[in-house]
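Reader: Got a model to go through. Can you start with the terms, then the sheet?
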Amino acid sequence: MANATRFDEIVFMDDFFRSSDNSLPSHPANRRFLHKAFRHSASRLGIVCREEYARSDGGRLDVAAMMKALGLAPTPAGWAKASAADLTPVAEMGLMPMLTPRTLVIGWGLTPSLMHFIERSGAAFVDLEISPIRFTSHLAFCARTNDRQIEAALGGWHIDEELFWNEAIVLEGYFSRRGPSLLFDRDMTVGLFCGQTAVDLALIRDGEIAHPIDGLDEIRELASSVDLLLIKPHPYESDLRHLTRLASQISNVAWTDSNIYALMCADNLSFVCGLSSGALREAAYFMKPAVPLIEADRNRRNKLPAACSDWQITEPGILSMQALSKICGRTDGLTQRPARFPDDALDRAFAVRWGWDAQSPGLHAAPELAPGRVYDFQAGQPATAWLSFGWSAPEGTGVWTGGTRACLVIPLASSAPANATELRARIEGLLFVGTSSRNPIVRAWIGGRQADVQTAGGTTGETEVRFVLKAPSTDMPKARVLVLEFDITDPLRPCDCGLGADARRLGFHLQRLSLEWLCVSAEAVAPDVESPATPLHTPAARPVRHAVQVVIAAAVCVGALVASLPPTRAEEPAQSSVSASRWHRLQHTLAMGLGVIRDDIHTLLHHG
């Protein structure tokens, strides 16, 4: 006779406060995955399964009423507070799921408040997520529980940490054969900031959502320790505003969408930082110092039930009949069967690797800039290696931006010449205007300085654009790279404009670029200190210089006056009247100029 299990039912749950009731998107696929993955084994064990989720998603839980009972606003900020709130008032109103000591809750991303509620109900829980160590050959789970027997059962599928060190060695070898092992330049030091989705349970600290700008002082200090700080946004976050606020406050920053593990394998990467990104856990296996800026509530001991275990990284085999039998306390032959569960079960279920890509080419060998040379950005051209972030695949005529922000990082062969006053970049391309009345607006920056832009005429769907970017040499006395940034407001999709099936968000099509240092000639260099200053170089001579400038301007007016004298008698009367009118206007202009000269001379004599 089969032994009875400890549990009569399994309830599958997620953070149901994250719903449209709080102006947030829900992620029901994770909860559904758990239900589908465990239900067959649960049915064989005679255990009933059910899901509990928000009414707004078709479930029975009234999240709006729960928020009202907690006295919290139905907003993302209210959701963050609910993640650590005492849910007793909600339970007393009968709004929470019914749980008993015979209930096992298997949850995805359970909040501290939900874990406390489950434990007070006498139920056991298993909190599951995908492991933050994602560079291994296969995805794995991380799990924690409030039940010691379940904790021991999960330990049977625990992954030995040595596997992670071995897999990191494999990746180091992989990327060493597919590109350079350095970022931009051998003598550069680089830091990496890993972005996260703007609203994430892993960002809640003390009941509030943390933002990158909150760590500005510490990030700025880290950035000052390296030549360049790279920002890598989360691949699932399209809204970059939470990161642009941070980037705008740091001078030596650039953006990248390079493979995260290719970056971690770079020899000149000095550190990895972020709020609470899982990449910080991974960095250790690539021998890179990691700097977490916050500790999220969901991992703080004083926020969790006292019985909650530490996270364990486990194989996907915990989904098997053998694993669930042990979790539920069965001790008969079912628990003794060898686990033959697919190692790639989670790879197939999620079909995404959050960074690992077996086709990734690694880092690009970027050519150093040769001032004065014109660089093209067609497919196959060396300059395409400068495309650091936000670009589509290069085409035969150039490369389109692929969103709201794009970045070029260009290695410099040497620092600015001693007599250089300015670095000037000229950029040519196309603006995608489609057929909409609201066209994209493109802005460009060099070293944080916005460019002048000139827009020429064009054909339907696009128009020519030229940028002239200028940066004083004092802004980059020893810079090893030049960072050019583009901001695109309201990029358009050709498919929305009736221009084909292209669904890319197009704004600017980069075609050509050239850069040069503007230098002061030897004759224009200021005299030695020992030489006496000329009158026009002394402070007292400023009025003189201004007066001279006005005299020159007046002379130009006189030249224009002479060139525009009234016509000869041989010309027609109509032409003479027009010329006479022009003559009177020039007289008025000249009189104004002489008045200005008289005022400047008076001022000069007064100061003398």
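Author: Two strands pair if DSSP finds at least two bridges between them. Strands (E, at least two residues) and helices (H or I, at least four) are DSSP runs, numbered from the N terminus. This is a predicted model: local features need pLDDT of at least 70, side-chain atom pairs count only at pLDDT 80 or more, and totals for chains, interfaces and linings use all residues. Residues are numbered from 1 along each chain as its sequence is written, and side-chain values use heavy atoms, without hydrogens and water.

Reader: In which sense do S1 and S3 pair?
Author: Parallel, over six bridges, between S1 (residues 9-14) and S3 (residues 103-108). Val11 stands opposite Val105 in S3.

Reader: What is the strand order in the open sheet?
Author: S2-S1-S3-S4-S5-S13, with mixed pairing. S2 (48-52) and S13 (312-314) are the edges; each has a single partner strand, so one side of each lacks a neighbour in the sheet.

Reader: Now H1. Where is the kink centred?
Author: On Phe38, at about 40°. The bend is the angle between axes fitted to the seven residues ending at a residue and the seven starting there.

Reader: Which H1 residues are buried?
Author: Arg31, Phe33, Leu34, His35, Phe38, Ser41 and Ala42. Buried means under 20% relative accessible area, exposed over 50%, partly exposed in between (1.4 Å probe, protein chains only).
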